[in-house]
Structures are given as C-alpha cells and as structure tokens.
Amino acid sequence: MQVKDIFVSAPGKAILHGEHAVVHGKVALAVSLNLRAYLRLKVTTTGKVCINLPNIDTSQCWDLSELRRLIHNFHGKRDEAQRLDAELVKRLREFVGATNGNLDTCSMATLSFLYIYLSLFGSGELPSLTVTVWSELPTGAGLGSSAAYSVCLAAALLCTSGVIPAPLKEWDHTARWCQEDLELINSWAFQGEMIIHGNPSGVDNAVGTWGGMLRFLAGKIIPLSRVPLLRILLTNTKVPRSTKVLVARVKDKINKFPSIMTPVLDSVDAISCTCEKVLSEMTCEPITGEHYNILEELIDINQHHLNVMGVGHPALDMLCRVTLAKGLHSKLTGAGGGGCGITLLRPEKRRREAVLHSSSLCLIWDQLNTRLSSGHKVKLHHFSSACLYCLWGRKKVYPWTTAVM
Ligand SMILES: Nc1ncnc2c1ncn2[C@@H]1O[C@H](COP(=O)(O)OP(=O)(O)OP(=O)(O)O)[C@@H](O)[C@H]1O
Ligand SMILES: C[C@@](O)(CCO)CC(=O)[O-]
Ligand SMILES: [Mg+2]
C-alpha cells in the first residue's frame with residue numbers, strides 16, 4: 001500500500017436558488033465561496049488513527065486493533081462508491097455511541113470520517129494516521145461546511161490509499177485532480193454527506209469538488225462558465241440548525257400535502273431556470289436595472305416558497321425586513337431554519353450599500369442580541385471559481401480562524 005502525507009482544501013458554497021427542491025429532483029444553482037476547509041493528513045507509526053477537528057472541539061484517537069474488529073469479513077470496493085453499507089454504518093453508530101436519533105456534531109463528523117476510512121482501507125492493512133481538518137466556514141450555517149469537510153476527507157483518504165494519484169508536481173504549490181479522479185472524490189464525499197445529512201441531493205459536494213457556479217439537476221452537474229460578477233452579502237444569523245432535520249421536515253410536508261407542495265417545488269424549479277436565463281443574458285447584453293429587478297423578484301418569491309416549506313426562521317425574516325427597508329432583497333441559503341442568508345447588492349450603488357449593509361447588519365445583530373459587538377467588521381465574501389485543491393504540504397498554512405460574518 002502506497003500511504004502518503006497529504007494536504008488538501010475544498011470550498012464552501014452558497015445556493016442562489018433551488019435548496020430543498022433539489023432533493024426532490026428540481027434544478028438548483030449554486031456557487032463556491034472564498035471560504036474553505038483544509039485537511040492535513042500525516043502518516044504515523046503510533047498504531048493509532050487520530051482525528052483533530054478544532055472547529056467542533058473534537059479530538060479522538062483509536063487503536064488500529066479496535067478499528068480492525070469493526071471490519072471483519074469486510075469486502076469494500078475502493079474504486080467505486082456504492083450505496084451506503086448499512087451494516088458498517090450500524091456497527092459504527094454503536095462504536096461512536098451515535099444511535100439513530102443522535103445528531104450531535106462530533107458524532108456525525110467522526111462517523112463520516114470512520115466510514116470513509118474503513119471503506120477505503122478495510123479490505124487490506126489499516127494505516128496509522130493523524131488527520132486534522134479546520135475550516136473558515138461556520139459549522140451548520142448553510143454554507144456547505146459538511147460538504148467541504150466530506151470532500152477534503154474523500155480526496156485525502158483516496159489519495160493516501162493510492163486509489164487516485166497525488167496530483168502535485170515538485171514545482172507546484174497547488175494542483176487539481178483529473179476529471180475521472182474528481183468524480184470518484186465526489187462520489188465518496190457524497191457518502192460522507194449521506195451520513196451527515198441523511199438524504200443529500202449531492203449539490204453541496206459537487207460545488208466543493210468542482211467549484212465555480214453550477215446548475216445541478218438529479219445528480220447531473222453542469223458548470224456555468226458564462227456568469228456575470230454578482231456581489232452578494234452573506235449574513236449569518238447564528239441560529240443553529242441541522243440540515244438533516246430540515247430536509248426530513250420538508251419531506252414530511254411533501255408526503256402530507258403532495259398536491260399542495262408539488263406546485264411549490266415546480267415553481268422553485270422555474271425560478272432557478274429563469275435566474276439561469278437572466279444570468280446568461282447579463283453576460284451577452286448590457287446589464288440593465290431590469291435584470292436586477294428580475295433577480296430581486298426571484299429572490300423574494302423563492303424566500304416565500306421556502307417559508308411555505310417550513311424552513312424559515314424569525315431571524316431570517318428580520319434579515320429580509322431590514323434589508324428591504326434599504327431597498328435590498330434577501331433569502332435564506334442552504335437548508336435554512338436559521339444559518340445564513342444572502343442579499344443581492346446592485347453594482348451601481350456598491351459603496352453606499354455596503355455601508356448601509358453594515359449598519360443594517362449591526363441592527364440585526366443588536367436586535368438578536370448576538371455576540372457580534374461593534375468591534376466586529378462585516379465581511380463581504382466573494383463567490384469564487386476556486387475548486388478542490390491539493391496543496392503543497394510545507395506551504396504556510398492558513399491560521400485556523402472562525403469567520404466573523
Ligand atoms: N470543520 C468541521 N469539522 C468537523 N466537522 C464538520 C466541520 N464542518 C462541518 N462539519 C460536520 O457537518 C455538520 C454540519 O452539517 P450541516 O449539513 O448540518 O450544515 P452545513 O453543511 O454547514 O449547511 P448546509 O448543508 O445547509 O450547507 C456538523 O454537525 C459536523 O458533523
Ligand atoms: C437543503 C439542501 O437542498 C441544500 C443544503 O445546502 C440539501 C441538499 O441539497 O442536499
Ligand atoms: Mg451540509
């Protein structure tokens with residue numbers, strides 16, 4: 001077995017339109033952010049597997065002998081990610097003390113790591129490793145923190161196991177994998193997401209793997225190469241929530257009221273398609289106020305639909321109200337129920353609006369009585385085309401910080 005140290009990084013994402021509907025086969029438009037997760041994997045000789053997750057205050061070590069007991073009679077296939085191995089998940093849940101209802105942050109993160117590690121190495125010799133993952137993304141806030149985490153795990157463990165090559169040449173600082181390897185990484189990251197989310201669509205891990213702006217429909221990923229530069233403000237309400245719970249809540253509602261909810265999902269699908277059309281027009285004709293008017297109306301309509309689906313929150317309503325009072329339009333992004341919202345900024349009034357935004361946001365934070373004090377800056381984050389990278393191991397590592405938004 002060719003076991004190597006590795007250092008990788010994957011971006012988070014924002015969903016413009018289509019969250020939740022995408023789980024039910026509708027179109028979503030999503031884009032990567034300049035906020036990333038980083039993973040460093042070191043091969044050791046301690047006879048242990050250790051994982052350090054500073055964002056969620058988790059540090060755990062297991063003896064290889066303990067882990068070996070979990071995989072006797074195991075015939076995992078490393079070069080293809082199949083459906084989740086229910087038996088292995090059951091054993092792992094018992095091992096980490098996470099029974100079905102347990103959604104604790106640490107258990108979910110540990111479970112997805114052990115699942116990918118044992119699936120990839122379980123049919124051979126288990127390597128002794130230390131894995132550290134840190135992230136600029138707020139955990140559980142709608143910006144794809146779970147997907148960036150899963151993409152990093154999948155890329156690093158596949159690479160360490162020798163199933164895919166390390167793409168870095170001696171002179172590179174960063175490198176990407178080829179399309180075939182990215183597809184394999186994405187499919188293993190999806191397994192991690194299945195453990196954390198229950199029923200993911202796959203859009204978040206696709207953005208974490210390929211970056212840029214994507215149209216996602218039923219597992220089909222279409223990169224949108226011609227998109228205008230959009231300035232969008234991200235606001236974190238800091239209301240905690242779980243994607244798994246929210247996805248299950250929407251599913252229950254659809255099952256309870258199929259004839260009422262199906263048109264809502266169809267309408268979200270039409271919103272994503274209309275938004276895509278307007279974005280494409282904005283790249284080939286002069287951008288007008290009317291383009292922005294349409295984008296803003298789509299944001300408003302979708303936010304109403306998301307409230308109908310039951311994934312709104314008073315803090316998100318407040319974001320929409322406060323920004324609308326300044327003539328700006330917002331919606332939740334990701335699973336909702338709290339977490340982050342996006343607000344579209346018009347380019348022509350950029351400077352003034354950014355200032356207005358800062359004061360609006362301070363107002364929001366004050367009213368919500370959150371920890372954001374006047375000393376904190378409101379950060380404007382960018383959508384970016386950045387994708388999954390393999391990084392040069394000795395490159396100066398970003399200091400681990402919690403993003404203030
Ligand atoms: N930096 C991290 N270190 C370890 N685990 C993480 C990290 N970031 C996310 N996770 C795992 O992902 C879970 C949060 O995933 P969840 O899908 O609920 O939120 P999200 O991915 O931030 O939002 P969304 O899915 O709406 O984009 C955490 O409970 C934890 O298990
Ligand atoms: C809510 C959801 O649509 C997006 C979460 O970022 C879930 C998913 O697509 O897996
Ligand atoms: Mg997630």
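## The shell around ligand 2

In this predicted model, helix H6 (203–210) and helix H7 (243–256) each contribute at least two residues to the shell around ligand 2. The residues around this ligand number 15, and the nearest of them are Glu19, Pro200, Ser201, Gly334 and Ala335.

Sorted by class, the shell around ligand 2 holds 7 nonpolar, 6 polar and 2 charged residues. At least three residues come from domain 1 (6–223), and at least three from domain 2 (231–368).

## The shell around ligand 1

Ligand 1 has 26 residues around it, of which Ala109, Ser145, Ser146, Thr243 and Gly334 come nearest.

Four elements each supply at least two residues of the shell around ligand 1: helix H3 (105–121), strand E5 (129–135), helix H4 (145–160) and helix H5 (179–197). The most comes from H4, with 4 residues. By class there are 12 nonpolar, 13 polar and 1 charged residues in the shell around ligand 1. Domain 1 (6–223) and domain 2 (231–368) each provide at least three residues of this shell.

The protein chain contains 11 helices and 12 strands. It has 405 residues, and 44% of them count as buried. Among contacts in the chain with a separation of 6 or more, 75% join residues 24 or more positions apart.

Domain 1 (6–223) and domain 2 (231–368) are the two parts into which the chain is divided. Their centres, taken over C-alpha atoms, are 28 Å apart. Domain 1 puts 27 residues into the contact and domain 2 puts in 33 residues. On the side of domain 1 that touches domain 2, the elements giving two or more residues are E1, E2 and H5. E1 has the largest share of that side, 4 residues.

## The nonpolar core

The largest nonpolar core is made of 104 residues, and Ala30 and Cys152 have the most contacts inside it. H4 gives the most to this core, with 12 residues. Because domain 1 (6–223) and domain 2 (231–368) both give residues to the core, it lies between them.

Leaving aside residues up to four places away in sequence, Ala30 touches Lys13, Ala14, Ile15, Leu16, Val203, Val207, Leu214 and Phe216.

## Strand E5 and its partners

Strand E5 is largely enclosed by the rest of the structure, because 5 of its 7 residues are buried. E2 pairs with E5 in the antiparallel sense over 7 bridges, and Leu39 stands opposite Val133 in E5. E3 pairs with E5 in the parallel sense over 4 bridges. Here Ile51 stands opposite Val131 in E5.

In a regular strand, side chains alternate between the two faces of the sheet.

## Ile196 in helix H5

Ile196 lies in helix H5. Is this residue, Ile196, buried or exposed? Ile196 counts as buried, because it has 23 C-beta neighbours inside 10 Å and the cut-off for a buried residue is 20 or more.

Not counting residues up to four places away in sequence, Ile196 is in contact with Met108, Ser112, Ser146 and Lys244. Ile196 and His313 are 117 residues apart in sequence, and their C-alpha atoms are 22 Å apart in space.

## Two residues with positive phi

His20 is not a glycine, but its phi is positive, at about 70°. This residue, His20, lies in the loop between strand E1 (6–17) and strand E2 (28–43). His20 is buried, since 30 other C-beta atoms lie within 10 Å.

Asp57 also has a positive phi without being a glycine, in this case about 50°. Asp57 belongs to the loop between strand E3 (48–53) and strand E4 (58–63). Which is Asp57, buried or exposed? Asp57 is exposed, because 8 other C-beta atoms lie within 10 Å and a residue with 12 or fewer counts as exposed.

Methods:
Residues numbered from 1 in each chain as written. Chains lettered and ligands numbered in written order. Predicted model: local features only at pLDDT ≥ 70, side-chain atom pairs only at ≥ 80, totals over all residues. Near = placed C-beta within 6 Å. Nonpolar A, V, L, I, M, F, W, Y, C, P; charged D, E, K, R; others polar. Domains from an automatic or database assignment. Contact = placed C-beta atoms within 7 Å. Core = buried A, V, L, I, M, F, W, Y, C linked by C-beta atoms within 7 Å. Pairing = 2+ DSSP bridges.
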